[in-house]
Each structure stands twice: as C-alpha cells, then as structure tokens.
Amino acid sequence: MNDMSPPAVAAVPRPEPFVRVEDLRVTFVSRDATVRAVNGISFDLERGKVLCVIGESGSGKSVMMRSLLRLHPKGRTVIEGGMRVGEHDIASIGDRTMTKLRGSLVSMVFQEPMTALDPLYTVGEQIAETVRRHEKVSREAAWARALELLELVRVPSPERRLKAYPHELSGGLRQRIVIAMALSCRPSLLLADEPTTALDASVQIQILVLLRRIQREMGMAMIFVTHDLGVAAQIADEVAVMYAGRIIEYGDARDVLVAPKHPYTRAMLASTAKDQGRDHPLEAIAGSPPDLRALPDGCSFAPRCAHAGPDCTRAVPAPVTDLRRHMARCVRTRLKAGLLTFDPGVAGDPAVREGIDLAARSSPAHCASA
Amino acid sequence: MIHPIAVAGGSHPSPDPRDRGGPAQPMLIVQGLKKSFPIRAGLLNRTVAEVRAVDDVSFVVVKGETLGIVGESGCGKSTLARLLMHLIPKDAGQLVLDGDPVGEARGVMLDELRRSLQMVFQDSASSLNPRLPIEQSIAYGPRVQGASGSSAKAQARSLMEKVGLNPSLFGQRYPHELSGGQKQRVNIARALALDPRLLILDEAVSALDKSVEAQVLNLLGVLKRQLNLTYIFISHDLHVVRYISDRVLVMYLGQVVEIGPVDAIYDDPKHPYTQALLACRLSMDPEARVEAAPLAGDPPSPVSPPPGCRFHTRCPFVEEICKTAAPVLGDVLALAPERHLAACHMVQPGSGHSRAPDRVGVH
C-alpha cells in the first residue's frame, strides 16, 4: 500500500456542527431475530460539507440515513442515541413536526429513480405537489417553481419535460427530476442514497458534477452513501467507512481514500480492479460480510482480516484519532508524531505484546469466546 | 467465408480435444448480425417504427481470449449477447462456431450450440429457479442433455467445488438462502455444467459488492485456465473490463465503433466516443476530480439514429462529412484480430475530415 504521510498540522477549532449524530444504534426486532444494523455511530457535519459514507451491502449505511429522516417502521425499530440537525433533535420531536421537516430541513434522493416517482402523474404535477405541500403558494407559483427547479438541475427543454410522465424519460433525466424534487423546499441537509449506482458511467459523472455544483451553490450539507470508492473520491469532503454498523475509518477524503489506515479500507482499495496487471489475481477480501443477527465479538472485520490476532476479538477496538481528525478503529493503528499509522506488528494490548498470551493465540476456543 | 486467422499474441490455447477447427480457427465468427425490434401502435397495431438494437455487427472471438464489450445502456450489448445465445431470433447475419456455421445444414444445431456456448446473467437471483435446491439447478442442464440422474448430480457436486462452494453444505440450499456472490457462483457452475467452450458473461459481476466482485473475478480467471474457456465479458465497468480482457469491443447505438487489444484501446483510444467513455472513469484520488462531464446528455434514440456517423451529435470533432457519410470500421473478419480498428473519419485516410491522416496504414 502507499503510505503517503500528509504534513502534520495543528488541530484547528471547528465551528459548531450542523449535523451531530451521537452513538446512534438502530435495531430491528422481529419474532425470528434481532438485527443490529447500526451499532453506535457518531459524527459531526458542518454546513456546506459533503460526507461520503462508504460500505458494502448490509453495512448499515442506508439504515443510518433513513434514521435521520425517521423513515423506519415504528413498532419494529429501536433507535437509540442522539441525532441533531440544526436546532432540531430528530430523535425526540413529534411526528407532525417531523413530517414538516422532511423535505424542508432534510431531504433525500433515493437510488432507484423509477420507484421514487409516481407513474400516474406527470413530472410537473409531482414537483408542484411537493412545493404546495410545504409552502402556501398558488398552483401557478408552484408550477413556476417546478420549472425553475428543472432548469436548476439542467434538464433540457424543461417546459416539455414538466408535462412528461416518468416512463417517457431516460434514467439520467429521471434522477435529475428526483433531485429537483428533493431540492424543491430548499433543504439544509440533502441525503443521497446511492443516487448514481443504477446509471451509466457517462451519466453518473454528469449527476455527480451536478450534485456537487448545486450543493456548493445552495451551501447545503450533504450525506452521500455509496459503495464505490471512485464516486466517493469524486464528491466527498469527508469520508466515513462503515462495516457491520460501525464507522471503522473516518477522515478527510484524501486521507482515507489515498492513505487508508484500517485494514478493511486498505483491502477494499486493493481489491478494486484498477489498472492491475492481468496476470495477477486481485487481492480479494476472503469470506463475506458478517451476519448482523449474530455479530462476532470484538472487531467485526477480524474474521476476514489478514492482520487479525486474538487481541482483535476481545473488545470492539476503540477509535484512534489523529491531529487531522483521521480516525480508525483498529488495534493495529497507532499515533506516530501525531498522525495515524497502521503497523501490522503492533499488538492490541500489552499482555499479547509481551508474549504472555501465546497460549490463547493458539486456542481457537478462546478466540471465539473472547 | 471462414477465415483461419493467426491467434492474438500471448493467448495461444493448448490443444483441446473438443477442438474441431484447429487452434487458429476463431472460436466464434459473427458476421453482419442484425436485430431490430418493431414498435407497434395504433388501432391496427401496425409497425410505426423500429429500434435497430444491433445493426450490422461483425467481429471475431479468438480461442482462449477474453473479449470485453463496453458501451452505454441501450447500445445493444445485451441484445448482442442474447443473439449469440439464440435466445432471440436474429434478423440477418451469420454465426460460425469453431468452423461450423450455426443453424444451417451440415452446421451446428441449436442443442449443440447451447452445449458449447453458455451465459451468466447480471441478476443472480432471478436467473435461478427459486423452487430448486442449487444442486438440482446445476444438474438440470446435464439431465436435459441426456445424462443420468446420478451422474448429473455427481457432476453438479464437483462443479460446486470448482466454484468454491462446499457441496455438502450448500447443495440442498435454495437460492434465497445464499448471498449475492454465492448465487453468482452457482450461476457460473450451472453455465459450466455442459462443459462449454465459450462463456458469455453479461454484467455478471456488476451487481456484486466490491470485495465479492474481486473474488468472482479471480474465480473466473482460475476457471478459464483450468477449463480452457473463452469469455465474452460484457460490462459497463471500464476498470473491470481492462483487468479481465485481452481485447475490447466498443459499441455505440447498435454498432461497433472501435475494436482492438485492450492496452491499445485504453492507452490510445482512436474513436472520440471511446475517448469520452474512458474519461468517465472515476479516479480514486479526490484531487483528480472530473469537473465537467466528458459526455453531455444521453445517447440519441436507437429508433431513429442520426444519419452519417451515429456519434456526431455528441462528438467534439464533428465536421460536415460526419453528418452525411457513415464511417466504416474496416473488415474485422479479414484482418488479424490484434489489429486496432475504429469507425471514425478522423482515422480513415482521405475521408474528408480535416484531422484525417494523409497516408494509408497507420493504426
């Protein structure tokens, strides 16, 4: 791996964050099983910044996003921890206030533009309805706003497109419409759940450039969920890598994507096909993501990790954060001159480091129970 | 009609007992393949227009190679795969499988074609029968082709081992009990059950997570060497295509716009469409962001493709000649497969385009 060490900088005092999530836990309870989808995640996000959440399917990234809009079924979901957006405490406000805030304070763009649009209404009717739902304006004014929004998201010949039904539009145009609708009430926080995954590479880049431009112009905060490291590099200011419902690495986009420290992020980067020699097999990560119904003790990535030892399964590794706010949850990371470093030779606790625990290392029973 | 062609460098296959045409005979020759879908409307359900999904496509697949096919959605790459498999009837064109024409007298018949040519689809869940345990799904093909129950079952179990699934653990499971990556392994095993020569992989890894995608790509590499396979690999992921392919074919609106060895295409793309498509690849470095989209808008409708060069509506180098005359790719069947060809007036000497070269023969 490339161990580019960024220049050391002193910690700068940060302004009050716009979004603050503290120790968020989301559990789905059913008769068969209890699924722990999100297991204590915390992050801050300032106004005008883009946080990219990277993770595989089942890592809890979409569940985390939906929690910010309180979209989970009430009876079967247990949400713990704090979520604050602006001055609103998302976790405690009433349902009626939440309905008002959806769209105006927090808005969301979903992955599949076809299912996010109603096939029976024209695009214009759907956008105008959203505007009128939140703002007391006349039908004509709402329609004019819809036209303005289509121009904002650069839909060609917008007057004609307002009268079109969703099936008459291409995937890229539909996604632009969905973005226009999400922006219709000028949200302060935009959530985007894999908005470009279903699109062609050529259209994907158009949508990413568009989202980035609108986000900057409107000064919105944005949380963007993706499984594609290339997409994250394209849009993120900050990156959070999720695995089994936890943020296992966090930091400035370049720090995380170019010089990752957590073995999972490093392995993800190494396993991505990108100009490697054809004669060499890809460095695939063995095994499959953990079962959220029965999470292993300690580090969830340990069963798939090339650097795992018995010290990894004792407890969930504590976050190690450096001066640049680059954080990783791995017992093999250390602070060196104030910066985060990954050292495969380092052991998680002193006992193991001094070789006292060598017996435990060779005993699989111990590993499983620890 | 059938041209014996020198094998592309580096991928010389070992002699295979199933070989009929000899090692230099291409595995598959596709000539002038056409397919259009009618659009019916009105009271009498008359055909009002047609979508020319695959419009005069010719290419060669050399034995033992991986041919990558790239293009935007709607360019006809999946229709092409289905035409090769004879899942939909073609309108015109000819297929030659290892020296024998397909579907003609004294040629290969359809069941023989299906034995030699198998396909893995994108959606790993919907391509498996939800009512069959996966062992039976894999054994189904051999049973249909006449194998006994016990030998088909034994074969299914050995195939599961080949694709990295423990048969005693997974054999009796149903598709919904498997993860996406495991289902795609089952699909690969099922495609291999008839001992095919050529495997068509239509976006076979696109729906998988990155870490699982790498596992499946490695598996495909191992199987290709073990079983002496030839792949047609269709994908929109240009990084993956570069990793897995020996040669690449670029499609735009139903036509081949560029074909050549993978490094020639990626390092020195000739066609402006290929150049733009490659520029859409995302860098892993936030400092190397694409600030302006290389391709504006969506591809034009294949119902009424633009006259002349089909790419001229989005091409930055468009000139008068492009709007009137369609550029030709060159005779892909007559030339050696390692040649790099592009259907663009800018590479055709004397085409009338101001950027066209003066002399003949620089590719």
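Select Glu135(A) to begin: this residue is partly exposed, with a relative accessible area of 24%. On the scale used here, buried means under 20% relative accessible area, exposed means over 50%, and partly exposed is in between (1.4 Å probe, protein chains only). What you are viewing is a predicted model, in which local features need pLDDT of at least 70 and side-chain atom pairs count only at pLDDT 80 or more, while totals for chains, interfaces and linings use all residues. Residues are numbered from 1 along each chain as its sequence is written, chains are lettered from A and ligands numbered from 1 in the order in which they are written, and side-chain values use heavy atoms, with hydrogens and water left out.

**Stop 1: salt bridges in chain A**

Arg186(A) forms a salt bridge with Glu135(A), and their closest N and O atoms are 3.3 Å apart. The pair links distant parts of the chain, 51 residues apart: Arg186(A) is in the loop between helix H7 (171-182) and strand S7 (189-193) of chain A, and Glu135(A) is in the loop between helix H4 (123-134) and helix H5 (139-152) of chain A. A salt bridge here is a side-chain nitrogen of Lys or Arg within 4 Å of a carboxyl oxygen of Asp or Glu. Helices (H or I, at least four residues) and strands (E, at least two) are DSSP runs, numbered from the N terminus. Arg186(A) counts as partly exposed, at 46% relative accessibility.

Next, pick Asp23(A) and Arg25(A), whose side chains meet in a salt bridge (3.3 Å, N to O). Asp23(A) is partly exposed at 38% relative accessibility, and Arg25(A) is partly exposed too, with a relative accessible area of 34%. Over all chains, the count comes to 38 salt bridges.

**Stop 2: crossing to chain B**

Select Arg254(A) together with Asp285(B). Their side chains meet in a salt bridge (2.8 Å, N to O). This pair crosses between chains, from helix H10 (residues 253-258) of chain A, where Arg254(A) lies, to the loop between helix H10 (272-279) and helix H11 (320-324) of chain B, where Asp285(B) lies. Arg254(A) is partly exposed, with a relative accessible area of 21%.

How many salt bridges are there between chain B and chain A? The count is 2.

Now colour the whole interface. In all, 38 residues of chain B are in contact (heavy atoms within 4.5 Å) with 44 residues of chain A. About 3600 Å² is buried between chain B and chain A, and carbon and sulfur atoms give 53% of that area. Buried area is the accessible area (1.4 Å probe) that two parts lose on being put together, summed over both.

Across the interface of chain B and chain A, 16 residue pairs are in polar contact, both residues being at pLDDT 80 or more. A polar contact is a pair of N or O atoms within 3.5 Å; within protein, one must be able to donate a hydrogen and the other to accept it, and residues adjacent in sequence count only if both atoms are side-chain atoms. On the side of chain B that touches chain A, the elements giving two or more residues are helix H7 (210-227), helix H8 (238-244) and helix H9 (262-267) of chain B. The largest share, 7 residues, comes from H7(B).

**Stop 3: helix H7 of chain B**

Zoom in on H7(B). Of its 18 residues, 13 are buried, so H7(B) is largely enclosed by the rest of the structure.

**Stop 4: helix H3 of chain B**

Move to helix H3 (residues 134-144) of chain B, where the buried residues are Ile134(B), Glu135(B), Ser137(B), Ile138(B), Ala139(B) and Pro142(B). Show helix H4 (149-162), helix H5 (167-170) and helix H6 (180-192) of chain B, which are included in what covers them. H3(B) is followed by Gly146(B), which has a positive phi near 105°.

**Stop 5: Asp55(B)**

Finish at Asp55(B) in strand S2 (residues 46-61) of chain B. Is Asp55(B) buried or exposed? Asp55(B) is buried, with a relative accessible area of 8%. Its side chain makes a polar contact with the side chain of Arg310(B) (2.6 Å). Not counting residues up to four places away in sequence, Asp55(B) touches Leu33(B), Lys34(B), Gly254(B), Gln255(B) and Arg310(B).
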